[in-house]
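Please keep the sequence and the structure in view while reading.

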Amino acid sequence: MSDSKIVHAEGLGLIFLIGFMGSGKTTLGRKLASRLGYAFMDLDHILEAQAGMTIAEYFTQFGEEAFRKLESEVLKQTRYPVNAVVSTGGGLPCFFDNMQWMKSHGQTIYIKLSPKTLAGRLEKEKDKRPVLREHQGNDLVAFIEGKLAEREAFYNQASIVTDGLNLTAEKVEKILKY
Ligand code: S3P
């Protein structure tokens, strides 16, 4: 039996959505949580509330290293309900033992999309993402290709890897339950 099929007596437990920026973790997470009747939690939003500033401001003020430490603390110190859908920042699984931690506390779903599709989605909303600030056009696709190649070593450890194109909450619910 694969770990993706573990069904807790009380429900499905914690479901962590992981994947690159722009893969739709938050949108899908909200819909999935509402279908399942579970709480929805977005770790980027929790971090921003704790820090009292946006992630872009945090990067500018304290830099990426401090951000990654805080991000890991927020992951591990947040109090979760028994059942919840949790959307995570794109870099979170790739630092410290965060991926292992998520795998030992719930199910992990990697929403996989190609660099081209991601670049198309991200071009317009780059300003919110400090990691992408200096990249545009073809350079953005190349940058995403490189980053994704590094990050997939972590993303692919997810208990479920699913194609993010035309992905619906209904499809994810079926994968989780059957
Ligand atoms: C980041 C992704 C962002 C946010 C931060 C860094 C990354 O989250 O955590 O800007 O390194 O990929 P989203 O994936 O929700 O955009």
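This is a predicted model: local features need pLDDT of at least 70, side-chain atom pairs count only at pLDDT 80 or more; totals for chains, interfaces and linings use all residues.

**Strand E1 and its partners**
- Strand E1, which covers residues 14-18, is joined by four bridges to strand E3 (residues 84-87), and the two run parallel.
- E1 is also joined by four bridges to strand E4 (residues 107-112), again in parallel, and here Ile-15 stands opposite Gln-107.

**How E1 is enclosed**
- Side chains in a regular strand alternate between the two faces of the sheet.
- In E1, Leu-14, Phe-16 and Ile-18 lie on one side while Ile-15 and Leu-17 lie on the other, and all of them are buried, so that both faces are covered.
- Because five of the five residues of E1 are buried, that is, under 20% relative accessible area, the strand is largely enclosed by the rest of the structure.

**The ligand and its surroundings**
- The ligand takes up the space of the largest pocket, and of the 14 residues around it, Lys-25, Asp-44, Arg-68, Gly-90 and Arg-151 come nearest.
- Helix H3 (residues 55-77) gives the most to the shell around the ligand, contributing four residues.
- An N or O atom in the side chain of Arg-68 is 2.7 Å from an oxygen atom of the ligand, and for the side chain of Arg-151 the corresponding distance is 2.7 Å.
- A backbone N or O atom of Gly-91 lies 3.2 Å from a ligand oxygen atom.
- The protein covers 95% of the 390 Å² of accessible area that the ligand has on its own.

Notes. Residues are numbered from 1 along each chain as its sequence is written. Side-chain values use heavy atoms; hydrogens and water are left out. Buried means under 20% relative accessible area, exposed over 50%, partly exposed in between (1.4 Å probe, protein chains only). Two strands pair if DSSP finds at least two bridges between them. A residue is near a molecule or strand if one of its heavy atoms lies within 4 Å of it. A polar contact is a pair of N or O atoms within 3.5 Å; within protein, one must be able to donate a hydrogen and the other to accept it, and residues adjacent in sequence count only if both atoms are side-chain atoms. Accessible areas come from the Shrake-Rupley method with a 1.4 Å probe; for residues, only the protein chains shown count as cover. On a 1 Å grid over the protein atoms alone, a cavity is a set of points where a 1.4 Å probe fits but cannot get out, and a pocket is an open set with protein on both sides within 12 Å along at least five of seven lines; lining residues have an atom within 4 Å of a point. A molecule sits in a cavity or pocket if more than half of its atoms lie within 2 Å of its grid points.
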